[in-house]
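Student: Could we go through this structure together? I would like to begin with the overall fold and then turn to particular residues.

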Amino acid sequence: MFSIYYKIKFWVLEKRIGPDMPLTHWMLYFKGLMTILASRKLGKFGIGSEIRPHCYLVATENIQIGRNVIIRPQSSLMADEYAKILIGDDVLIGQGVNIYVNCHKYDDITKNIADQGYYNSETVTIENNVWIGANTIILPGVNIGTHSVIAAGSVVLKDIKPYCVVSGSPAKIINRIKP
């Protein structure tokens, strides 16, 4: 009986959203309930924004989402206690996008990678009016400029200037949009 109580308490109070949080995840299927859940758990959740079912958001208090943002299914936003994920207004995030604020250390060859911990976390910023294509990976410390497009399947390792279209692994500029 106590284990059920603690599971329910965890699902409600933990700073995360996802299918592994069944008591709250079902709320993503209903726009009104999704808005209540996101407004309660996220650091900021703008009017008109949507988090679709089957997304994972971790350390939600350090995730800020602007107005009219759409986060499609299977996307993961992995903030932590040291760094944030900041998303501006009018951003489209495709299915299966992964955003990370830290990565594993691997430099010490005398230790297993799993035992080396993490590099320092770095905030990821996505400015206004950005389109991030499906299955893109955005790594720690990246800043994506206004009105940029990230092609599907790209791996973004470095900052992207405003008004750029990037593609590839690693992502490189393939076009510029004239403001």
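Tutor: The conversation below moves from the whole chain to salt bridges, a surface patch and some backbone details. Please keep in mind that this is a predicted model.

Student: How many helices and strands does the protein chain have?

Tutor: The protein chain contains 3 helices and 18 strands. Its radius of gyration is 17 Å, close to the 16 Å that the globule rule gives for 179 residues, so the chain is as compact as a globular protein of that length.

Student: And what box do the C-alpha atoms fill?

Tutor: Along the principal axes, the C-alpha atoms of the protein chain occupy a box of roughly 60 × 50 × 20 Å.

Student: What share of the residues counts as buried?

Tutor: Of the 179 residues, 40% count as buried. The chain exposes about 9,900 Å², and carbon and sulfur atoms supply 58% of that area.

Student: What about contacts between residues at least 24 apart?

Tutor: They make up 23% of the contacts in the protein chain between residues at least 6 apart in sequence.

Student: Let us turn to charges. How many salt bridges does the structure hold?

Tutor: The structure holds 4 salt bridges. One of them joins glutamate 50 and lysine 31, with the closest N and O atoms 3.3 Å apart. This pair links distant parts of the chain, since glutamate 50 is in strand E3 (residues 50–51) and lysine 31 is in helix H3, 19 residues apart.

Student: Are glutamate 50 and arginine 52 buried or partly exposed?

Tutor: Glutamate 50 counts as buried because its relative accessibility is 18%, under the 20% limit for that class. Arginine 52, at 24%, counts as partly exposed.

Student: Where else is there a salt bridge, say with aspartate 20?

Tutor: Aspartate 20 pairs with arginine 16, and their closest N and O atoms are 2.7 Å apart. Aspartate 20 is partly exposed, with a relative accessible area of 34%, and arginine 16 also counts as partly exposed, at 21%.

Student: Changing topic: which residues form the nonpolar patch on the surface?

Tutor: The patch is formed by Ile4, Ile8, Val12, Leu13, Leu23, Trp26, Tyr29 and Phe30, which together have about 750 Å² of accessible area. Helix H1 (residues 2–13) gives the most to this patch, with 4 residues.

Student: Where is tyrosine 29 found?

Tutor: Tyrosine 29 is in the loop between helix H2 (22–25) and helix H3 (31–41). It is partly exposed, with a relative accessible area of 47%.

Student: How many disulfides does a search of the whole structure find?

Tutor: The search finds 0 disulfides. As for individual cysteines, cysteine 103 counts as partly exposed at 34% relative accessibility, whereas cysteine 164 counts as buried at 0%.

Student: I also wondered about lysine 84. What does lysine 84 touch?

Tutor: Not counting residues up to four places away in sequence, lysine 84 touches Asn62, Gln64, Val101, Thr123 and Val124. The C-alpha atoms of lysine 84 and glutamine 64 are separated by 7.7 Å, although the two residues are 20 residues apart along the chain. Lysine 84 lies in the loop between strand E7 (76–78) and strand E8 (85–87), and at 33% relative accessibility it counts as partly exposed.

Student: Now the backbone. Which residues does a cis peptide bond join?

Tutor: A cis peptide bond joins serine 169 and proline 170, with omega at about 0 degrees. Proline 170 is placed in the loop between strand E17 (164–167) and strand E18 (172–176).

How values were computed:
Residues are numbered from 1 along each chain as its sequence is written. This is a predicted model: local features need pLDDT of at least 70, side-chain atom pairs count only at pLDDT 80 or more; totals for chains, interfaces and linings use all residues. Side-chain values use heavy atoms; hydrogens and water are left out. Patches are made of residues with over 30% relative accessible area and no salt bridge: like charges are joined within 9 Å, nonpolar side chains (Val, Leu, Ile, Met, Phe, Trp, Tyr) within 5 Å. Accessible areas come from the Shrake-Rupley method with a 1.4 Å probe; for residues, only the protein chains shown count as cover. A salt bridge is a side-chain nitrogen of Lys or Arg within 4 Å of a carboxyl oxygen of Asp or Glu. Helices (H or I, at least four residues) and strands (E, at least two) are DSSP runs, numbered from the N terminus. Buried means under 20% relative accessible area, exposed over 50%, partly exposed in between (1.4 Å probe, protein chains only). A disulfide is a pair of cysteine sulfur atoms within 2.5 Å. Contact means heavy atoms within 4.5 Å. The radius of gyration is taken over C-alpha atoms; the globule rule is 2.2 Å times the number of residues to the power 0.38.
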